[in-house]
Amino acid sequence: MALKTNAIRGVLLGLAMLGMLAAPASAQQKFITVASTTSTEQSGLFKHLLPVFEKKTGIQVRVVALGTGQALDMGRRGDADVVFVHDKVAEEKFVAEGFGVQRFEVMYNDFVLVGPKADPAKVAGGKDIVDAYKKIAAAGAPFVSRGDKSGTHAAELRLWKAAGVDPSGGKGGWYRETGSGMGPTLNTASGMNAYAFTDRGTWLSFKNRGDLVIVVEGDQRLFNQYGVMLVNPAKHAHVKKDQGQAFIDWVISPEGQKTIAGYKIGADQLFFPNAKR
Amino acid sequence: MIGDLPIYAMHCMTSLWEALAAAWGLIAGFDATLAQIVGLSLQVSLSAVLIAACIGLPLGAAIAVERFPGRQTLIVLLNALMGLPPVVVGLLVYLLLSRAGPLGSLGILFTPAAMVIAQTVLITPIIAALSRQTIEDAWREYDEQLRSLGARRLNAAMTLIWDTRFSLLTIVLAGFGRAAAEVGAVMIVGGNIDGVTRVMTTTIALETSKGDLPLALGLGIILIGLVLLLNMAAALIREAAQRRYG
């Protein structure tokens, strides 16, 4: 008998807990899912930006932060309503393939090259990023790459190409691919005292710098443009078209742009709005 | 190089103290966000362990007392599944629940429900495999006795679950520990969404990414503390129950 009542109690408890789980999903909260990049999430921009939008519209924005390549894949599978990333070439392909409706430019920041204070490749203070890459390869100085098909990784690879260097020759030697996000890659670079290519936002909010400092910045080729796209409802009927578009319209509106410009760490502005409107 | 060692050692010590201070600050400050994260962690992992126990214990008991063709293969398979990598489970559940996947229409990817499913898949084999062993050992011991009472096999299985309940509790706790500690699966199927699917382990991973190592370690200390508290509670219940039922 005791066994039976216990079994019944167990089942009831299980059902109660499932009910608890189902509750938040059935609540009438309006929300959209945005696939974005680690740089926007980890730099703290979304924490600053999203509450303003949520307060104004009542639409909760759920951000899944991945590399740009993965974020676009999430859009392709229909697991996001909006994609907010930074790899123009890949974004235009995404729209051309019909997965995105239209691409809007939102803001930019820039990439920087960070490296150890000791500067074994003697690149510090330079303004020419391609030249710095050549010197690093020639010196065989340790360089840590994302290696994860992210927007930053794509930008890094374009620069190696411009420098006429195939870094895959240094794999296992001076060139190390972490296959992970910007933060873990910087942690690795900090631990190895290696050079690394990063967006400025993540670098500014990164705390475990060790001996690393910015060694090259300010080159035109370090420009980093962010774009936003609605996932095409024609491909995925469940996409929240109106709410997703409301978010896009807001981030490129004067109010959204002003909010982006207002995000600072200390005295440093992290992102510079440049929507074409 | 050797001369540098004490400096590194000191640096590490400072980090540890910082982590302890961060943990204490988080607990003492009773941050609402942290409370929500801890609450979600417990909710997800306890739900998963409950469902996994409801499936795993009867399954383990059935395999322990029944004899059928392919039984040995099933046992080996179940034992091997105890080593399922969380990230693989996460990926499988992601592909199932993705809009492009077979269960996409449910729309539960990136919700706590998806995380419960992933953790359940992860720990059900652990509970089933370990309880199978425990119950089979008990079955060998009581075989004659139960048979002489004319108990049918399935009834015997139920009796054995009850008789070995204290050992099974430890198994269920091991399952809970595995669920609460894993990060690979919940990161993929939950997406680590702030305020929605962010749990202890994904927060630790995120803070590590941001290079805030003391805060990450501080959160880790709290997580270990929680699992410890739960195990202490279970030990107390077990002791009280043993005293009562003998």
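Trainee: How many C-beta neighbours inside 10 Å does Lys122(A) have?
Mentor: Lys122(A) lies in the loop between β4 and α6 of chain A, where helices (H or I, at least four residues) and strands (E, at least two) are DSSP runs numbered from the N terminus. A residue is buried if 20 or more other C-beta atoms, placed from the backbone, lie within 10 Å of its own, exposed if 12 or fewer, and partly exposed in between. Lys122(A) counts as partly exposed because its C-beta neighbours inside 10 Å number 13.

Trainee: What kind of model is this?
Mentor: Residues are numbered from 1 along each chain as its sequence is written, while chains are lettered from A and ligands numbered from 1 in the order in which they are written. Local features need pLDDT of at least 70, side-chain atom pairs count only at pLDDT 80 or more, and totals for chains, interfaces and linings use all residues, this being a predicted model.

Trainee: What is the phi of Asp119(A)?
Mentor: Asp119(A) is placed in the loop between β4 (100–116) and α6 (129–139) of chain A. Its 15 C-beta neighbours inside 10 Å make Asp119(A) partly exposed. Lys122(A), which is not a glycine, has a positive phi of about 55°. Asp119(A) is not a glycine either, yet its phi is positive, at about 50°.

Trainee: Is Asp166(A) buried or exposed?
Mentor: Asp166(A) is found in the loop between α7 (151–162) and β6 (175–177) of chain A. Its C-alpha atom is separated by 9.1 Å from that of Ala137(A), which is 29 residues apart along the chain. Because 11 other C-beta atoms lie within 10 Å, Asp166(A) is exposed.

Trainee: How many C-beta neighbours inside 10 Å does Val114(A) have?
Mentor: Val114(A) lies in strand β4 of chain A. Leaving aside neighbours within four places in sequence, Val114(A) is in contact (C-beta atoms, placed from the backbone, within 7 Å) with residues including Ala189(A), Tyr195(A), Trp203(A) and Leu212(A). Val114(A) and Arg209(A) are 95 residues apart in sequence and 9.7 Å apart in space, C-alpha to C-alpha. Val114(A) counts as buried because its C-beta neighbours inside 10 Å number 23.

Trainee: What share of the residues of chain A is buried?
Mentor: The secondary structure of chain A comes to 11 helices and 12 strands. Among its contacts between residues at least 6 apart in sequence, 75% join residues at least 24 apart. Of the 277 residues in chain A, the buried share is 44%.

Trainee: What share of the residues of chain B counts as buried?
Mentor: Chain B has 10 helices and zero strands, and its C-alpha atoms fill a box of roughly 70 × 50 × 40 Å along the principal axes. In chain B, 78% of the contacts between residues at least 6 apart in sequence join residues at least 24 apart. Of the 246 residues of chain B, the buried share is 41%.

Trainee: Which helix supplies the largest share of the side of chain B that touches chain A?
Mentor: The contact takes 27 residues from chain A and 26 residues from chain B. On the side of chain B that touches chain A, α2 (32–65), α5 (112–148) and α6 (153–163) of chain B each supply at least two residues. By class, that side has 14 nonpolar, eight polar and four charged residues, where Ala, Val, Leu, Ile, Met, Phe, Trp, Tyr, Cys and Pro count as nonpolar, Asp, Glu, Lys and Arg as charged, and the others, Gly among them, as polar. The largest share, five residues, comes from α2(B).

Trainee: At roughly what angle do the axes of α2(B) and α5(B) cross?
Mentor: By class, the contact of α2(B) with α5(B) has 23 nonpolar, nine polar and two charged residues. Axes are lines fitted to C-alpha atoms, for helices over the stretch in contact, and angles run from 0 to 180 degrees between N-to-C directions. The axes of α2(B) and α5(B) come within 5 Å and cross at roughly 35°.

Trainee: What arc do the buried residues of α4(B) cover around the axis?
Mentor: Buried in α4(B) are Pro86(B), Val89(B), Gly90(B), Val93(B), Tyr94(B) and Leu97(B). They lie on the same side of α4(B), because their arc (that of the directions from the helix axis to the C-beta atoms) is only 135°.

Methods. Two residues are in contact if their C-beta atoms, placed from the backbone, lie within 7 Å.
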